[in-house]
Amino acid sequence: MNDFTKNIFEVNAEALLFQWQQASTRWLLPKFLGQNKIVKTLRPFSKTGKINKSTIESQLQTLIAYQKEQDLINENESKYAKTLDFLWNNGNGDWKTIAHICEKSLIINNLLHQITEDPGQLNNTRYTIAELLKEGSSTFQNFKGKVFVHFYALTQEQEKLEQELSSLLSINFNQELSQTTNHTAFWQQNAEVWLQNLDLLRDWSSWNRIKEETIKMGLLPVVETYSNGMLPTNEVLSSFKKSIFKCLAEHIIAKEPGLAIFNGKLFEAKIKKFKEQSKYFEALTKAELFAKLASHLPSFSQEASTSSEIGILQRAIRNNGRGLAIRKLFDLIPNLLPRMCPCMLMSPISVAQYFEVDKTKFDLIIFDEASQMPTCEAVGAIARGQNVIVVGDPKQMPPTNFFSSNHFDEENADKEDLESILDDCLALSIPSKHLLWHYRSKHESLIAFSNSNYYENKLLTFPSPDNRATKVTNQYVPGYYDRGKTRQNHFEAKAVVAEIIKRLSNPKLAQKSIGIVTFSSVQQNIIEDLLNEEFKKNPELEKTATDAQEPVFVKNLENVQGDERDVILFSVGYGPDKEGKLYLNFGPLNREGGWRRLNVAISRARYEMTVFSTLRSDQIDISRTSSEGVAGIKAFLQYSENGMATLPQKQRSSPTTQKSFEKKVAEAIQKLGYTVETNIGSSGYKIDIAIVNPDNPSEYLLGILTDGLTYRAAKTAKDRELNQAGVLKMLGWNIYKLWSLDWWDNPQKVLEDIEKVIKQLPDPGTETTPASQLTASIKSPVATEQKREQYASIKLQDMQQPTTQQITQQILEPVSSAQPYRVCELTPTNLQNSDALFDYRLKEKITVQITQVLETEAPISHALLSKRILNAWGISRLGVRLNNYLTAKYNKMEIKYTQQNGTKFYWTNEQDPQKHSTYRTPPTDDFKRNAEDIAKEEIACAIKDVLTNQISLPEADLIREVAKAFGYTRLGGNVEQSMRTGIDHSLSNADIINNNDRLILS
């Protein structure tokens, strides 16, 4: 409105705006005239005399608003004049100053409201301030100005201090306080607390620094939660880890499709399918091996040359081996022997006795129980093989050296043998593999002592459902050891025999095989004598003991290695003498390495071991001896007396202490009312969770395997999903597989499933079938035959054919590549003379005849093919002119051919001379071909057939046998030359080789 004079405010702006808006709605000319009329009305009030039509409407609206405000002021003039006093100035006051004063008044009023928080007190305060300002602001400033200045200065100083404290100590002075809290008192109290705890200032600074770093890392929620006191200090780290791990787990699961869609039931279905396929593959592999080995056996029903290996063996069998030593026989049949006996079980002495070192080379030599094999005895067998595997346990029995010389050549110490071939191999750092799975003991307590004391707990053993109890027991026998006379312990012997009789008399206990192990041979003798006396009294018990699949044995430390029984009764023998004096002489155990004998003796049992002893562990003072064997027997006696408690703490089964997944699951199951243990087992393999049987606390009701550390530690999927589960099932475990992803998704559902499984379990306590019973059926002839039938009925899966094939076990005729020779019968045609054959009209017919002969008799020699064609036309003699004519005909037909001794042999296009696999023999003498008409490829096939059945032959005998196959009973020059051509062809193609002047298949 600055472009107009003051008189503009007297114009009727509302009427002009209405006229303008009316004119704007009209068409062009009335619009122009109407708007110009209004412009003329406003022009006299313009300071410049110019009016901008585009701004007229907005200016009129502003003018109307101003006129309305002026009307409002005019209506309240008396009120404003009284309130504003001198500021009113007869209606011409400074409105900007008035507006500023009003704004400040409102701010003061709001501040007073916040301070007083009471309407009554607020009115009193405003009244007091008004009284102070009644005489004017100058008077107020004279009386109260210094107070305000001082207050303002204090306020500035306070803000400065707050900024410094906030910067140095990260104190938040802007935090919101409750309405009832006195701001000044609150911070005064805090300042007093700070003053009293200045010694903690360093800690507070460290906390602020760490808090800032933590916030920079994006962990503001953690800082805020902890700072607000919502999280205890001792739970900060675990809560943070839990949160971060949860976020990571959710991210990984969402990112990996296999995890996102994982379902435990579906995965177990895959495992079941994998188990079926693996079992099928194993059975099929056995069947394939059986078939391959059987296919290598030659036919003994066919006639064989007396010089062939088959003939040599048959002659030796008919003569019952008279005049022919076994070593010589083996030398004569070096190729037949491995076919009949691909795997031979022999002692090193037998190997040296029956096999020449220069000729025989086994593909593989395997030594078992190598810790008992002296190197000098093993060298002979090693020299007769191309590869060697030495299997043994360096912690078990060394070779017995009672009768060997103890001479040691110190000057050639580096050439002296070590104790065994196993020790020598280990000393040479030959590549080795450690077999860590323990197979014998069906209860972990039977091997736990050896595993802990001798194998550094590296053996992989499996806990049993009754693992809470031990199967190694100690039966103390009152008595003494007769040290001075018999060196026997009659009391232990009687106790052992009584236990044997008790077990054999009980049909249930008699099902388990029994073995007795003693520390000395004299103790072995007295037990055998007492046992024989009891058997004389009761022959039925002797029959039970001797006719069992695994008879009762009585052995001592020196000869028990390699034996095992379901139940082992252990007689220590040694102990205090009649006067109660104990000599620490335990025979072989006192020697160097005696602990190895102990290790063998105490690891022979499958299901149970009872130690009979007149000696207690606390009677042995190992400070009197340095023998490891004596220390071992003391520790073993302690173990048999007190059980697993004597093992080092780290080896024993104990609940998990860390906050693991298995621990969480166990705690949840415990809330259901069950007694739960974790990490069951004394070796590296653990059952993650086990539920104790409430009716029998000495055994477990259910084992739960998770996909945790034990699951991950398995090397292969087969170990993880099949082998370990199979061993546990064999031991009698009820197993439940718990998948962490199922627990992650719905732990309550998993718990309900576990409860359901527990309720459906059969009554525990079913005894495992003894190993002796399990092996009985395998060793019987009937079982062997059934096993063969099983191999024979393996179904071969063929993905392309809907039907299945089977391996048959019926006797088949020997496979031969021989076929009967067929002669092509051409329609005979008589010509007046041989020259008529050159008639061009016969060319097409001759071509057809050539094709017919080739299809029937190829490969065929040039001479024989020409003979067949000429005979069809009644021509008996192949002259030069006819030969040239037919040769040109053959060349024009581009027939495939090979060269042999200057003669062509013709083949059909479908035949490949390089892959020819059959030969043809004449059904009768009428079909016999001349030897020079037989292709060398056919002769090579006959050679392969002969050597397949007769293994090896000298060259002269091979020529004779191959010629016989083609129907030649006598050898002539042509026959012998043709056969040699076939042999040369086979040698050049490496189908056969010459080995010590005998030809054999390569």
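The model is predicted.

Start with the open sheet of five strands. Its order is β3-β7-β6-β4-β5, and the pairing is parallel. Two strands stand at the edges: β3, residues 472-476, and β5, residues 553-556. Each of them pairs on one side only. From one strand to the next, the twist averages 20°. Now look at one pairing in detail. Strand β4 covers residues 514-518 and pairs with β5 in the parallel sense, over four bridges. Within this part of the sheet, T518 has N556 in β5 as its bridge partner.

Next comes a second open sheet. Four strands build it, in the order β8-β9-β10-β11, and here the pairing is mixed. Why is one side of β8 and of β11 left without a neighbour in the sheet? Both β8 (676-680) and β11 (735-738) stand at the edges with a single partner strand each, so one side of each has no neighbour there. Neighbouring strands of this sheet are turned by 30° against each other on average, with direction ignored. Strand β10, residues 700-706, runs parallel to β11, and four bridges join the two. Opposite G703 stands I735 in β11. Helix α26, residues 661-670, packs on this sheet. The helix touches β8, β9 (687-692), β10 and β11, and its direction makes about 10° with that of β9.

Now turn to helices that pack on each other. Two packed helices are described by the angle between their axes and the distance between the axes. Take α33 (residues 843-857) and α35 (residues 880-892). Their angle is about 75°, and their axes are 11 Å apart. Angles of 65 to 115 degrees count as roughly perpendicular, and α33 and α35 are therefore roughly perpendicular to each other. Which residues meet here, in α33 and in α35? From α33 come K843, I846, T847 and I850; from α35 come Y885, K889 and Y890.

The second pair is α22 (residues 521-537) with α23 (residues 539-546). These two pack at about 120°, and their axes are 5 Å apart. Helices α22 and α23 are therefore oblique to each other. On the α22 side, F535, K536 and K537 make the contact; P539, L541, E542 and A545 meet them from α23.

Charged side chains link parts of the chain too. The count of salt bridges comes to 31. One of them joins D753 to K265, with the closest N and O atoms 3.1 Å apart. The pair links distant parts of the chain: D753 sits in helix α30 (residues 747-760) and K265 in helix α13 (residues 264-295), 488 residues apart.

The surface has a nonpolar patch. W27, L28, L29, F32 and L33 form it, and together they have about 610 Å² of accessible area. Among them, L33 belongs to helix α2, residues 28-42.

The peptide bond from A858 to P859 is cis, with omega near 5°. P859 lies in the loop between α33 and β15, residues 860-861. E369 is not a glycine, yet has a positive phi of about 50°. Its place is the loop between β1 (365-367) and α18 (375-383).

Definitions and conventions. Residues are numbered from 1 along each chain as its sequence is written. This is a predicted model: local features need pLDDT of at least 70, side-chain atom pairs count only at pLDDT 80 or more; totals for chains, interfaces and linings use all residues. Side-chain values use heavy atoms; hydrogens and water are left out. Patches are made of residues with over 30% relative accessible area and no salt bridge: like charges are joined within 9 Å, nonpolar side chains (Val, Leu, Ile, Met, Phe, Trp, Tyr) within 5 Å. Accessible areas come from the Shrake-Rupley method with a 1.4 Å probe; for residues, only the protein chains shown count as cover. A salt bridge is a side-chain nitrogen of Lys or Arg within 4 Å of a carboxyl oxygen of Asp or Glu. Two strands pair if DSSP finds at least two bridges between them. Axes are lines fitted to C-alpha atoms, for helices over the stretch in contact, and angles run from 0 to 180 degrees between N-to-C directions. Contact means heavy atoms within 4.5 Å. Angles under 35 degrees count as roughly parallel, over 145 as roughly antiparallel, 65 to 115 as roughly perpendicular and the rest as oblique.
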